[in-house]
Amino acid sequence: MPAARFALLLHGKIGRLNKTATEAVNEKLGASRELITLCSRSHLHFIVAANSGPAGGVDVFVHTWNPDSAAFIDASYGSHLRASQHQPVEHRNAGRSQSLSIGRAALLMRAHERRRGRPYTLALALRADVALGSPFVLASMDPQHVWLPAMCG
């Protein structure tokens, strides 16, 4: 099997179907298995499957602030998961927390790039609690253009 061209970096705190991630943290609620299932299935269908074969393949890297759901999250991505890290929340500030989580997912990806001896063509950073509704074709994106979020909220 050829090495994947693309990486999906999933990050952040996963909340519940009826509560935001911030509300779930404030109320000391765990991540919803229903939300994890909904989001992971959409990621696998609309990103991983949509970019398989000649499109180049996608490896998945996950960093969340949901250590209690680590095994379920990891199992939801199956053989596509290359590395994950699930830690307790370190910062209540949403922007700082998101940036830190993206950075940790990127470090997981970089370590895998070193092990495989080849960089990814493009990495897509996506909140782990976002469900997609249509294919996201990475081969159509120009890796020379980079977009960084200025705010989270």
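The second largest pocket of this predicted model has a volume of about 360 Å³, a volume being the space filled by probe spheres set on grid points joined across faces, edges and corners. A pocket is here an open set of points on a 1 Å grid over the protein atoms alone, where a 1.4 Å probe fits, with protein on both sides within 12 Å along at least five of seven lines; lining residues have an atom within 4 Å of a point. Of the 20 lining residues, K13, A21, T22, A94 and S97 are the closest to the pocket centre. Strand 1 (6–12), helix 1 (21–26) and helix 4 (94–116) each give two or more residues to the lining, and helix 1 gives the most, with 4 residues. Helices (H or I, at least four residues) and strands (E, at least two) are DSSP runs, numbered from the N terminus.

The 4 strands form an open sheet in the order 3-2-1-4 with parallel pairing, where two strands pair if DSSP finds at least two bridges between them. Strand 3 and strand 4 (122–127) each have a single partner strand and stand at the edges, so one side of each is left without a neighbour in the sheet. On average, neighbouring strands are turned by 15° against each other, direction ignored.

Strand 2 (residues 58–64) pairs with strand 3 (residues 81–86) in the parallel sense over 5 bridges. The chain passes from strand 2 through helix 3 (residues 70–77) to strand 3 in a right-handed β-α-β crossover, that is, the path runs clockwise from the first strand over the helix to the second with the strands pointing away from the viewer. Bridge partners in strand 3 are A83 for F61 and S84 for V62.

Residues are numbered from 1 along each chain as its sequence is written. Local features need pLDDT of at least 70, side-chain atom pairs count only at pLDDT 80 or more, totals for chains, interfaces and linings use all residues, and side-chain values use heavy atoms, with hydrogens and water left out.

Methods. Axes fitted to C-alpha atoms, helices over the stretch in contact; angles between N-to-C directions.
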